[in-house]
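Work through the exercises below with the structure open. Try each task before reading its solution.

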Amino acid sequence: MPKIQSVSAIEVLDSRGNPTVKASVVLCDGTKASAIVPSGASTGKKEALELRDNDPKRYGKKGVLKAVENVNTILAEVVCGMDAFNQSAIDLAMLKADGTNNYSKLGANAVLGVSMAVARAASKSLNVPLYRYLGGANGSILPVPMLNIINGGAHANNNVDFQEYMIMPYGFDKFSDALRASAEIYQTLKKILNASGHSTAVGDEGGFAPNLKDNEEPLKVIMKAIKEAGYKAGSQIKLALDVASSELYDGKKYKLGNKSYSSEEMIEIYANLCEKYPICSIEDGLSEDDWDGWKKLTKKLGSKIQLVGDDLFVTNEKILLEGIQKGVANAVLIKPNQIGSVTQTMQTVRLAQRNGYRCIMSHRSGESEDSFIADFAVALNTGEIKTGSTSRSERMAKYNRLLEIEADGCEYLGEKI
C-alpha cells in the first residue's frame, strides 16, 4: 500500500480573483496529485471555518498564507507516512489535529485541500478514475445539472432578490443531450435579453445578471427562452430557485425590494410561483434561523417539490439529523468545504440517502479549474449537481469532466433518478 511521502500547499487564486489553497500530495510510489479548494460568497453561519489571514496589506485581508503554512507544517507531519488508501483514517487524523468542531484552528480550506489531494493521488496510484475510486462499482449515475442562468442576490449587483434562477434538463436520455439543451437555452436567453436592452454581463456563477422589474420576471424570461430554443418546459426542462433567504432575513421578517414578509407570506409566494411555473426545487426558501418556518414550508410544499437546505444544513451530519428528526426540508445541498473533508462529506450524503433526502453536489461561487465535485457527484450517486451555467471555464471544467465520465459508460437517468 503506497504511503504518503510528502504534503505541501501554495496560495493560488479562485474565479473571483481571491486567494485560496492548492494542496499537493506525493506518494511513496511516485504518484503526485493536487486539489484546489473553492470559496463561497453566500455562506451559512455554521459552516466550517475558512481560514483567512486578515492582513490588510494583502488581498484585502483575504490571503490564505496561514492555511498554507498549516498544510506545510502541522498537516504534513500528521499525514505523512499514513496509508494513502485509508481516506477515513487520514481525515480523522486531521480533524483530531485541529481539535475543534469547525476547523477554526487549522482552517477547513487547509484540511479539505489535503483530503481531496489524497483521494486524487490514491485513485491515480490505482490507475482508476476518481469517481470509481470513491464510489466503487456503485458510482455510475450521472447527475442532473442545475444550471444557474440568471443571478441575483449576493451573486450579482442587480435588483433581483432571489440569488439563483436555474433550469434542470430532466427529460433526456443522455447527459450530453441534457447539457446541449441547457447550453442552447442559455444562448437563446442571451439573445432575448440583448433584444430587450438588458445587460448580458454574467455573475459569479456564469448566469446573466439583468435588472428586471421583480422577482418573477426572470421566470417569465426563462420560460420564453426554453420555448424559443425549441424545448418543452415541464416535460424536458424544469425550473429551480435558490432564494438564499438568510441574506434577506432580519430575524423576524424577509425583505424583498422595499417590502417585508413573514414566513407564512414567503411560503405563499413560493406556492403561487409553483402553481404558475414548472418549479421542481427551491433552495433555502427560508432562513437558517427560521426552523419553525421551515416546518411550515415543508408541510405546505414538501410533498410536491424538492426543498433544499444549504445554509440550513451546511453539509453537517449532526444538523441534517436534527432536520430529519424534525421533518424539515427533504433535500440537502452538498458542499465539501462547508464541512471540511471528503470523509465527512460522504457521511452526510449517506445519512441523507438512508432517510430519503435528496442530495445535490454543489460548487461555490469562488471556483477553480478543479473538477473534483464532478467525480464526487457520480461516486456518491447524488443524482443532481449544481455547478453554474454553461459559461466561465471554472464552471465548464465540471461539465466537461461529466462528459468524459459519460464516455466511460456511466448512465444518465434524468427524470428516473
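**Exercise 1. Find the centre of the largest nonpolar core.**

This is a predicted model. Which residues of the largest nonpolar core touch the most other members?

Step 1. The core holds 132 residues. Those touching the most other members are Ile4, Val114, Leu134, Ile167, Ile279, Ile282 and Phe313.

Step 2. Turn to the helices. Helix H3 (residues 108–126) gives the most to this core, with eleven residues.

Step 3. Take Leu134 and set aside its neighbours within four places in sequence. Its contacts are then Ala119, Val342, Met346, Phe372, Phe376 and Ala379.

**Exercise 2. Sort the faces of helix H7.**

Which residues of H7 are buried, and which are exposed on the other side?

Step 1. H7 spans residues 263–276 and reaches 20 Å from first C-alpha to last.

Step 2. Its buried residues are Ser263, Met266, Ile267, Tyr270, Ala271, Leu273 and Cys274. Down the axis of H7 they fall within an arc of 165°, so they line one face.

Step 3. On the other side of H7, Glu275 and Lys276 are exposed.

Step 4. Name the cover over the buried residues. It includes helix H6 (217–228), strand S10 (279–283) and helix H8 (291–301).

How values were computed:
Residues are numbered from 1 along each chain as its sequence is written. This is a predicted model: local features need pLDDT of at least 70, side-chain atom pairs count only at pLDDT 80 or more; totals for chains, interfaces and linings use all residues. Side-chain values use heavy atoms; hydrogens and water are left out. Helices (H or I, at least four residues) and strands (E, at least two) are DSSP runs, numbered from the N terminus. The expected span of a helix is 1.5 Å times one less than its number of residues. Buried means under 20% relative accessible area, exposed over 50%, partly exposed in between (1.4 Å probe, protein chains only). The arc is that of the directions from the helix axis to the C-beta atoms. Contact means heavy atoms within 4.5 Å. A nonpolar core is a set of buried Ala, Val, Leu, Ile, Met, Phe, Trp, Tyr and Cys residues joined through side-chain atoms within 4.5 Å.
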